[in-house]
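Q: I would like to learn how to read a metal site, a pocket and some backbone features in a model. Can we take them in turn?

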Amino acid sequence: MNITDNNFEYLGMPKIVLMENAGKSIADEVATYLKHEKGIKNKIYVFCGLGNNGGDGFVAVRHLMGYCDYTDEISKSFGVTRFPSLHSEIIVILLGKEMEIKTYESKENFKILKNISELDFRLKIKEIACPNEVLKIIEEIKKYKKDNIIIIDAMLGTGIKGELREPFRTVVNELNNLKNKESKRSNLKIISVDTETKGIMADIVITFHKYKWDNNLNKTFNIDDKRIILKKIGIPPIAEYVVGWGDLKALSKINPDSHKGDNGKVLVVGGSKEFFGAPILSALACSKIVDLVTVASVKNTMDALRNYPELMGYEIEGDYFGEKHITEISELSKKYDVILLGNGLGVNKNTKSFVNGFLKEMETLNKKVVIDADAIKVIDYNNFNFSENFIFTPHKREFEYMGFDMNNIKNMGNGNGSNSDNINNIIDMDISNIDSTIVLKGKYDLIFNKNNIKINKTGNAGMTVGGTGDVLCGIIGGLFSKNDAFISGCCGAFINGYTGDLLLKEKGYCYTAMDVLNKIPHVLNIFN
Ligand SMILES: NC(=O)C1=CN([C@@H]2O[C@H](COP(=O)(O)OP(=O)(O)OC[C@H]3O[C@@H](n4cnc5c(N)ncnc54)[C@H](O)[C@@H]3O)[C@@H](O)[C@H]2O)[C@H](O)CC1
Ligand SMILES: [K+]
């Protein structure tokens with residue numbers, strides 16, 4: 001959920017506008033349950049949490065005030081035509097203190113309510129922290145037998161973690177008891193905002209944008225649950241399919257008081273007599289993210305490695321990787337979290353038998369592997385399992401080596417594709433056996449596996465300079481040491497391209513892969 005919210009902000013839509021749309025949609029629906037009969041009062045109790053679920057509640061209250069303000073005989077008797085009616089009263093119960101409200105958008109909306117409640121006696125605001133204050137409010141609600149009682153649960157939404165803490169737990173228990181005791185009363189409704197706070201028995205749930213969030217188990221309604229009312233709040237479908245800073249914020253954080261090696265150990269398996277630089281570029285990129293990076297390669301690479309004290313080396317005998325290295329490098333790989341395979345490996349029968357044999361071992365060891373460049377070209381795909389621990393980083397030609405057809409990709413980026421939420425409408429071929437994550441590089445990178453798909457729009461034509469593919473592989477490998485494959489692929493593509501965009505502004509198109517590599521810490525810091 002937060003990933004989409006934040007990525008929508010990345011697309012330029014401020015969260016406070018989303019909250020406004022959400023809160024208004026709540027008020028528009030709740031207004032239909034208000035009673036406008038003589039002698040009947042509407043009493044709306046809005047229980048608000050300290051996160052954005054509570055924020056939605058604040059916005060809903062403000063819009064509800066508009067629905068409660070209608071002229072009536074009392075107003076006329078005051079000789080004014082528009083005086084807030086006495087027929088409705090809204091009581092906001094904040095489950096905590098104002099200064100504990102978490103987000104900017106919630107704080108701002110709470111401030112507005114405070115300003116209104118100073119002038120309009122129909123709006124009361126109570127800040128409660130301990131459970132027994134809740135009991136007094138419940139007793140108060142029980143007294144109003146004839147009034148139309150609407151209870152709005154804006155306590156917790158998709159951000160809930162673990163078991164309910166106080167005073168939320170008492171509120172939920174007491175509201176459920178009230179509901180049970182007064183079950184015959186048609187004039188008492190509990191309406192939940194976005195999701196039911198854990199355990200509450202809501203009559204109605206007004207939820208936003210969609211019925212369930214794949215990456216957030218707090219929201220998994222099914223379509224035929226009659227209590228659910230779905231409200232669109234202005235989030236276009238693409239917001240769920242674009243890689244943005246929401247994805248970066250969801251990355252696991254580097255633990256500040258960690259020890260050497262806690263933040264990832266990566267083994268780079270690449271290089272050959274001719275191409276000894278490629279694995280070093282990947283390794284250097286990776287070393288900006290993890291603690292320990294070792295390059296296993298031929299002598300030429302080892303000689304070049306001497307210029308980079310931050311990298312460790314492991315020399316293999318010969319000019320190319322071959323069958324005889326499978327056991328040795330598989331053994332070595334056990335000490336590492338992630339293996340980067342392919343940069344500068346060379347394409348010949350030796351490297352072919354090494355890559356296929358080595359990947360079988362990696363699959364047996366359940367090792368995370370980023371498979372790039374030459375390794376992609378030499379795999380025997382007829383006898384290959386796309387394991388979920390593998391990330392591929394092909395460009396278009398390598399993608400076709402893998403047995404895919406570029407004509408099946410409707411690239412969302414240049415508008416000739418569909419933005420629907422079904423992978424097959426974007427990639428119309430059977431990828432049900434693709435557990436691996438594929439980062440298909442292009443003007444817009446497409447990152448997908450059989451369950452997920454996202455598009456990355458960072459980057460520019462300057463990225464075609466040699467070596468940026470090796471840098472991308474290193475970034476993804478570094479992230480992969482502490483995150484799962486899909487988010488590592490997405491964020492690696494985003495960081496690589498975003499770095500290139502910054503360099504384009506600074507240097508025009510003539511930046512190099514080393515410039516990108518050296519800019520990575522700066523970009524990581526922006527989004528940390
Ligand atoms: N894109 C949309 O659909 C929009 C949804 N909005 C609303 O935002 C909430 C999610 O907000 P968030 O701040 O991430 O989380 P919550 O408000 O649900 O809760 C966080 C809040 O609660 C505290 N907390 C967490 N766990 C517990 C617990 N077990 N017991 C007590 N308290 C808990 C935590 O400390 C935080 O203070 C979504 O549901 C929508 O309602 C946007 O407003 C509009 C766009
Ligand atoms: K709720």
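**Metal site, backbone and pocket**

A: With angles of 54 to 149° among its six donor atoms, the site of the potassium ion (ligand 2) is irregular. The model is a predicted one.

Q: Why is the site of the potassium ion (ligand 2) called irregular?

A: Six donors count as octahedral if opposite donors are over 155 degrees apart and all others between 65 and 115. The angles at the potassium ion (ligand 2) run from 54 to 149°, so the site is classed as irregular.

Q: Which protein atoms are the donors of the potassium ion (ligand 2)?

A: Asn 53 (OD1), Asp 153 (O), Asp 153 (OD), Leu 156 (O), Val 193 (O) and Thr 195 (O) are the protein donors, at 2.5 to 3.2 Å from the ion. Along the chain, the donors are spaced as N-x99-D-x2-L-x36-V-x1-T. Distant parts of the chain are linked here, since Asn 53 belongs to helix H3 (residues 52-68) and Asp 153, 100 residues apart from Asn 53, to strand S4 (residues 148-154).

Q: Are Asn 53 and Asp 153 buried or exposed?

A: Both Asn 53 and Asp 153 are buried.

Q: Where is there a cis peptide bond?

A: The cis bond joins Glu 166 and Pro 167, with omega about -5°. Pro 167 is placed in the loop between S4 and helix H7 (168-181).

Q: What is the phi of Asp 194, and where does Asp 194 lie?

A: Asp 194 is not a glycine, yet its phi is positive, about 65°. The residue lies in the loop between strand S5 (188-193) and strand S6 (204-208). Asp 194 counts as buried because its relative accessibility is 7%, and buried means under 20%.

Q: What is the phi of Ala 373?

A: Ala 373, also not a glycine, has a positive phi of about 50°. Ala 373 lies in helix H13 and is buried, with a relative accessible area of 14%.

Q: Which residues and helices line the second largest pocket?

A: Its lining has 35 residues, and Lys 441, Met 463, Thr 464, Thr 468 and Gly 469 lie nearest the centre. By type, the lining residues are 11 nonpolar, 14 polar and 10 charged. Helices H9 (278-287), H13 (373-378), H14 (396-401), H16 (468-480) and H17 (485-507) each supply at least two lining residues. H16 gives the largest share, four residues.

Methods
Residues numbered from 1 in each chain as written. Chains lettered and ligands numbered in written order. Predicted model: local features only at pLDDT ≥ 70, side-chain atom pairs only at ≥ 80, totals over all residues. Heavy atoms only, no water. 1 Å grid on protein atoms, 1.4 Å probe; cavity = no way out; pocket = protein on both sides within 12 Å on 5 of 7 lines; lining within 4 Å. Nonpolar A, V, L, I, M, F, W, Y, C, P; charged D, E, K, R; others polar. Donors = N, O, S within 2.8 Å, 3.2 Å for Na, K, Ca; no water. Tetrahedral: all angles 85-135°; square planar, octahedral: opposite > 155°, others 65-115°. Buried < 20%, exposed > 50% of the residue type's maximum accessible area, 1.4 Å probe, protein only.
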